[in-house]
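Subject: Structure handover

Hello,

I am passing this structure on to you, with notes on what was found in it. Please look through the sequence and the model before reading on.

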Amino acid sequence: QLSGGAGVLPPTGDVLILGSALFYSMHVIRLSALAPGLDALQLAPRKAACELLLAAATLFTLTVLLPGLPLTLEIRAFAAEVLQLDGRALALLAGAAVWMGAVTTGYTMWAQSYGQGGKVSAPAASLIYTSQPLWSAAFAYALLGETLLPSEAAGGALVIGGVLLGATAPDPWAEAAATTGASAKRSGE
């Protein structure tokens, strides 16, 4: 049992997280195939538009087609709270939204498209993206003064160790190709 629930089926949250990991992995693999033939400045806005359309469709489905779900009620409560904000709080919220849109979404989409455009392989890109929680923790410490629990520090150390191990491990595909090429040369001689 992933979340320790008593049922036979995994909880919905676990299924959604595993599905997210599967879809993200497919995205990285597909991007490795598409990015080398496209300009990163052309690809990133298209990726952003696709994500925006999917998010809008999800929000529409939740708020209009499935109005009784608990998540829908939370979305409506959040919208009502936003409408009650004063000018300063609204400006801070808008600034955060612009930062998240321009930097944490727009820039990272461009950087990923640029990097996977023949410069970084899909496995290496996955290793790099694995370090995202470490960066989040570092920024939370630097900007917000947050501290890590010992278990969180241990988890971060495991992530760093895994990334280093994956980054320094020999590439089995390259070794297999080299071995196959050498065998073909010997048999052809």
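Tyr114 lies in helix 4. The model is a predicted one, and every value in this email is computed from it. With a relative accessible area of 42%, Tyr114 is partly exposed, because that class covers what falls between under 20% (buried) and over 50% (exposed). Leaving out residues up to four places away in sequence, Tyr114 touches Ala40 and Lys119. Its C-alpha is 7.6 Å from that of Asp39, although Tyr114 and Asp39 are 75 residues apart in sequence.

Helix 4 itself runs over residues 87-115, which is 29 residues. From its first C-alpha to its last, helix 4 reaches 40 Å, close to the 42 Å expected at 1.5 Å a residue. Where does helix 4 bend? The bend is at Met100 and amounts to about 30 degrees. The buried residues in helix 4 include Met109, Gln112, Ser113 and Gly115. Among the elements that cover the buried residues of helix 4 are helix 1 (12-34), helix 2 and helix 5 (122-130).

Helix 2 comes next, at residues 40-65. Its 26 residues should span 38 Å at 1.5 Å a residue, and its end C-alpha atoms are 36 Å apart, so the two values agree. Which residues of helix 2 are buried? They are Ala40, Leu43, Ala44, Lys47, Leu62 and Thr63. The buried residues of helix 2 pack against helix 1, helix 3 and helix 4.

Helix 2 also takes part in a feature of the surface. A nonpolar patch is formed there by Phe60, Val64, Leu65, Leu66, Leu69 and Leu71, which together have about 540 Å² of accessible area. Which element gives the largest share of the nonpolar patch? It is helix 2, with 3 residues. Leu71, another member of the patch, lies in helix 3, residues 70-83. Leu71 has a relative accessible area of 44% and is therefore partly exposed.

Is Leu134 buried or partly exposed? At 24% relative accessibility, Leu134 counts as partly exposed, because buried would require a value under 20%. Not counting residues up to four places away in sequence, Leu134 touches Gly156, Val159 and Ile160. The C-alpha atoms of Leu134 and Gly155 are separated by 9.5 Å, and these two residues are 21 apart along the chain.

Now the chain as a whole. How many helices and strands does the chain have? There are 8 helices and 0 strands, and read along the sequence the pattern is α-α-α-α-α-α-α-α. The chain has 189 residues, of which 12% count as buried. It exposes about 14,100 Å², with carbon and sulfur atoms supplying 72% of that area. Among contacts in the chain with a separation of 6 or more, 56% are between residues 24 or more positions apart.

If you want a place to begin, start with Tyr114 in helix 4, then go to the buried residues of helix 2, which pack against helix 1, helix 3 and helix 4.

Regards

Technical notes: Residues are numbered from 1 along each chain as its sequence is written. This is a predicted model: local features need pLDDT of at least 70, side-chain atom pairs count only at pLDDT 80 or more; totals for chains, interfaces and linings use all residues. Side-chain values use heavy atoms; hydrogens and water are left out. Patches are made of residues with over 30% relative accessible area and no salt bridge: like charges are joined within 9 Å, nonpolar side chains (Val, Leu, Ile, Met, Phe, Trp, Tyr) within 5 Å. Accessible areas come from the Shrake-Rupley method with a 1.4 Å probe; for residues, only the protein chains shown count as cover. A salt bridge is a side-chain nitrogen of Lys or Arg within 4 Å of a carboxyl oxygen of Asp or Glu. Helices (H or I, at least four residues) and strands (E, at least two) are DSSP runs, numbered from the N terminus. Buried means under 20% relative accessible area, exposed over 50%, partly exposed in between (1.4 Å probe, protein chains only). The expected span of a helix is 1.5 Å times one less than its number of residues. The bend at a residue is the angle between axes fitted to the seven residues ending there and the seven starting there. Contact means heavy atoms within 4.5 Å.
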